[in-house]
Amino acid sequence: MTETDSNKAVEQQPKKVEPPEPDEQPGHGEHQHAFADAADRAKKWNDPGRDTWQRPEEIVAALALKPGATVADVGAGTGYMVSHLSRAVSPGGTVIAIDAEPAMVEYLAKRGADLGPARIVPRKVGPDDPELQPASVDAVLTLDTWHHVKGREAYARKVYEGLKRGGRFVVVDYEVGAEVGPPKAMRLEPGQVTKQLEAAGFRAEVVRESMPRHYLVVGHKD
Ligand SMILES: C[S@@+](CC[C@H](N)C(=O)[O-])C[C@H]1O[C@@H](n2cnc3c(N)ncnc32)[C@H](O)[C@@H]1O
């Protein structure tokens, strides 16, 4: 069953958050240990004051979501964007909340109805693959996570394969010069991200936004 078929199958059912999918790839990358304490991370990542500078409405707009759409959040963490995405694809939509860290996926499953009205699918994946079925999702977001991904061109190709024609891959990450954020050595210029997406087959563009510390790149699967 594709994600879309699966989505249709649950539209008649009461809203629920599915339990995390089984961990079929138990390999542990270095990032997983760094993000083990989900409840502690949530105090910062889910702080409502974050909306004033993260501008989630601009991120949602860049994804061009419609009610009933299926969207994946790669590196969903404690679900900050999942609740925003959930509202944007409702009624009838699905948010696949993907993370390589089991503690994050378990935390998402426990948040339940707090994550919004859409069908929420928490999914534990390996660090090298979002594990999307071919041409199954309308949009993919990755927020503050792309700098963690190893082999970004190969990863972007897997995202490309998972998107439907006309779908979008939105990468939001810290500017190299931002006063806070990940270690500077890990940060990427938006031009590097567009090249990685283009190498994977996307038409990529840096989109204007008003976030003080982030840039936003959209990859189009035309
Ligand atoms: C800095 S947090 C951002 C969380 C969330 N996107 C937010 O903005 O609040 C990065 C998240 O990406 C996850 N992560 C890191 N590398 C990953 C990978 N290769 N695949 C999937 N998730 C990954 C981490 O476990 C963590 O939850």
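## Contacts along the chain

Among the contacts in this chain between residues at least 6 apart in sequence, 76% join residues that are at least 24 apart. The model in which these contacts are found is a predicted one, and its chain contains nine helices and seven strands. Of the 222 residues of the chain, 42% count as buried.

Asp114 and Ser83 are 31 residues apart in sequence, and their C-alpha atoms are 7.5 Å apart in space. Val140 and Gly162 are 22 residues apart in sequence, with 8.9 Å between their C-alpha atoms, while Gly191 and Val206 are 15 residues apart along the chain and have C-alpha atoms separated by 8.0 Å.

Val140 is found in strand S4, which spans residues 137-143. Because 28 other C-beta atoms lie within 10 Å of it, Val140 counts as buried, the threshold for that class being 20 or more. Leaving aside residues up to four places away in sequence, Val140 touches Ala72, Val74, Val159, Gly162, Leu163 and Phe169, so that Gly162, the partner named in the pair above, is one of the residues in contact with Val140.

Asp114 has its place in the loop between helix H7 (102-111) and strand S3, and with 14 C-beta neighbours inside 10 Å it counts as partly exposed. Gly191, by contrast in setting, belongs to helix H9, and it is exposed because 12 other C-beta atoms lie within 10 Å of its own, where 12 or fewer is the limit for that class.

## The shell around the ligand

There are 21 residues around the ligand, and those that come nearest are Gly75, Gly77, Ala100, Glu101 and His148. The elements that give two or more residues to this shell are helix H6 (80-88) and strand S2 (94-99). Sorted by class, the shell consists of 13 nonpolar, five polar and three charged residues.

## Packing of H5 with H6

Two packed helices are described by the angle between their axes and by the distance between those axes. For helix H5 (residues 56-63) and H6, the axes come within 10 Å and cross at roughly 50°. The crossing in which H5 passes H6 is right-handed.

On the side of H5 the residues that meet the partner helix are Pro56, Ile59 and Val60, and on the side of H6 they are Met81, His84, Leu85 and Ala88. Divided by class, this contact has six nonpolar residues, one polar residue and no charged residue.

## Packing of H8 with H9

Helix H8 (residues 152-162) and helix H9 (residues 190-199) pack at an angle of about 55°, and their axes are 8 Å apart. H8 and H9 are therefore oblique to each other, and H8 passes H9 in a right-handed crossing. Arg152, Glu153 and Ala156 of H8 make the contact together with Gln196, Leu197 and Ala199 of H9. The residues of this contact divide into three nonpolar, one polar and two charged.

## Backbone features in the loops

Most residues other than glycine have a negative phi, and most peptide bonds are trans. The peptide bond from Ser90 to Pro91, however, is cis, with omega near 5°, and Pro91 is found in the loop between H6 and S2.

Arg55 has a phi near 50°, which is a positive value in a residue other than glycine. The place of Arg55 is in the loop between helix H4 (51-54) and H5, and with 18 other C-beta atoms within 10 Å, Arg55 is partly exposed. Ala135, although it is not a glycine either, has a positive phi of about 45°. Ala135 lies in the loop between strand S3 (119-124) and strand S4, and it counts as partly exposed, with 16 C-beta neighbours inside 10 Å.

Terms used: Residues are numbered from 1 along each chain as its sequence is written. This is a predicted model: local features need pLDDT of at least 70, side-chain atom pairs count only at pLDDT 80 or more; totals for chains, interfaces and linings use all residues. A residue is near a molecule or strand if its C-beta atom, placed from the backbone, lies within 6 Å of it. Helices (H or I, at least four residues) and strands (E, at least two) are DSSP runs, numbered from the N terminus. Ala, Val, Leu, Ile, Met, Phe, Trp, Tyr, Cys and Pro count as nonpolar, Asp, Glu, Lys and Arg as charged, and the others, Gly among them, as polar. Axes are lines fitted to C-alpha atoms, for helices over the stretch in contact, and angles run from 0 to 180 degrees between N-to-C directions. Angles under 35 degrees count as roughly parallel, over 145 as roughly antiparallel, 65 to 115 as roughly perpendicular and the rest as oblique. A crossing is left-handed if the near helix is turned anticlockwise from the far one by less than a right angle, and right-handed if clockwise. Two residues are in contact if their C-beta atoms, placed from the backbone, lie within 7 Å.
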